[in-house]
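Please open the model in your viewer and keep the selection tool at hand.

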Amino acid sequence: MSYSTATPANISTDPQPPLASPRRAAPEDVDQGRAAARELAVWLSALPSFLVLQNHPLGDDDLSRLAERNYIHEARILKQALRRCLHLSFVVGTQPRDGEADDVEPPRATLISHHETALTADTMRALRESLCEAYGACSALTEAKRIGQVAWSGVGGLTLRALSQDARRARATHAVPDGSLRWLLPEVYALLENCAPPTGDLERSGELAVALSQFACALDHLALVGAWLRDDRPLKMTLPIFAHVHERARAAVSSLESMARGAAEGKGGWYELCDGSAYAVRMEMNKVFRHELIGLAASRHPSTIFTKVENSYGLLRDCFQQTIISLARTLDTDFDGEQ
């Protein structure tokens, strides 16, 4: 999956280039539009999670003095992410929609991630206007040397209002337990469709689908982090993505723990798997969000930043993949994890 979309040299607080006139689409235009739409979906999902402090990597010191912390570094990351969203919205909005070449598949410039959620030209324009407003406020705020919790909450509220409609569109399919799983891990989705749940309980089968979907979406977001590591992109900006992954993983762990409680008086093997998987994921998340990523927002050393992000990416990716494989093999012992 490619997320690579070139960044413009500069974007002002009100960048409004005219929409491109319809033209025949070249294959590279199609690829660029799709990559931009996929990445835009990631940011629209990640930014609301970043605005919730519970999703941030915080040590005991930070947790004990949230009201006294300086949030200038987080605000600068938010500003960069909003700027990225603006750029991507231009790329998506200016892709040709009519008169495409007959031998090229029509570009789904309005495709949001792997879902058939369409953003019309009017909606995209409204999104850009809201993003510009949030970006302008964040830019002004970051001129200060210190940003308190109240100011951070204020710019967060403005950003949430800017993203409210379109973030809901981008995340709508995730509300369906197996919606994202169908797109992201079709082999696992097929197992859920064709195999009986481990406990024979349909309710527990639904919880299993939720847990697998959350892990699948977390891996999909981590793929963008992996792409930025390979391309040597600004890695501090991945902090909102990690925040969203944190939120997803906690929801998945909650489903695993619920299944473990339900199986406590039933099948011992299923209980041990769910309880053990939840424990393992929590341990890896603690390594990442209570150790590896601590201080990332304020760090100025490129080698330190790269190491923190690379280690966190590897730990979470491997953990989520192994958890998915373990759960899938309860449905089919011959399931090929290499897929």
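Which helix supplies the largest share of the lining of the second largest pocket? That helix is α10, with five residues. The model is a predicted one, in which local features need pLDDT of at least 70 and side-chain atom pairs count only at pLDDT 80 or more, while totals for chains, interfaces and linings use all residues. Residues are numbered from 1 along each chain as its sequence is written, and side-chain values use heavy atoms, with hydrogens and water left out.

**The whole chain**

Begin with a cartoon view of the protein, which shows eleven helices and zero strands. Helices (H or I, at least four residues) and strands (E, at least two) are DSSP runs, numbered from the N terminus. Of the 339 residues, 53% count as buried. Buried means under 20% relative accessible area, exposed over 50%, and partly exposed in between, with a 1.4 Å probe and protein chains only.

**The second largest pocket**

Next, select Gln 54, His 246, Asn 286, Phe 289 and Arg 290, which lie nearest the centre of the second largest pocket among its 13 lining residues. A pocket is found on a 1 Å grid over the protein atoms alone: it is an open set of points where a 1.4 Å probe fits, with protein on both sides within 12 Å along at least five of seven lines, and lining residues have an atom within 4 Å of a point. The space in this pocket is about 250 Å³; such a volume is the space filled by probe spheres set on the points, which are joined across faces, edges and corners.

Colour α9 (239-263) and α10 (268-292), each of which supplies at least two residues of this lining. By type, the lining residues are six nonpolar, four polar and three charged. Here Ala, Val, Leu, Ile, Met, Phe, Trp, Tyr, Cys and Pro count as nonpolar, Asp, Glu, Lys and Arg as charged, and the others, Gly among them, as polar.

**Aromatic rings**

Now display the aromatic side chains; the structure holds four aromatic pairs. One of them joins Phe 215 and Phe 320, and this pair is tilted because the ring centres are 5.4 Å apart and the planes stand at 40°. Phe 215 lies in helix α8 and Phe 320 in helix α11 (residues 302-331), so the pair ties together parts that are 105 residues apart in sequence. Both Phe 215 and Phe 320 are buried. Rings of Phe, Tyr and Trp (its six-membered ring) pair if their centres lie within 6.5 Å; planes under 30 degrees apart count as stacked, over 60 as edge-to-face and the rest as tilted.

The C-alpha atoms of Ala 251 and Phe 215 are separated by 9.2 Å. Ala 251 is partly exposed, at 29% relative accessibility.

Then select Phe 50, Tyr 71 and Trp 152, a cluster linked by ring pairs. A charge sits over a ring if NZ of Lys or CZ of Arg is within 6 Å of the ring centre and within 35 degrees of the ring normal.

Finally, select Asp 232, in the loop between α8 (202-231) and α9. Is Asp 232 buried or exposed? Asp 232 counts as exposed, at 64% relative accessibility. Its phi is near 55°, a positive value in a residue other than glycine. Select also Arg 233, whose charged end sits over the ring of Trp 228, 4.7 Å from its centre.
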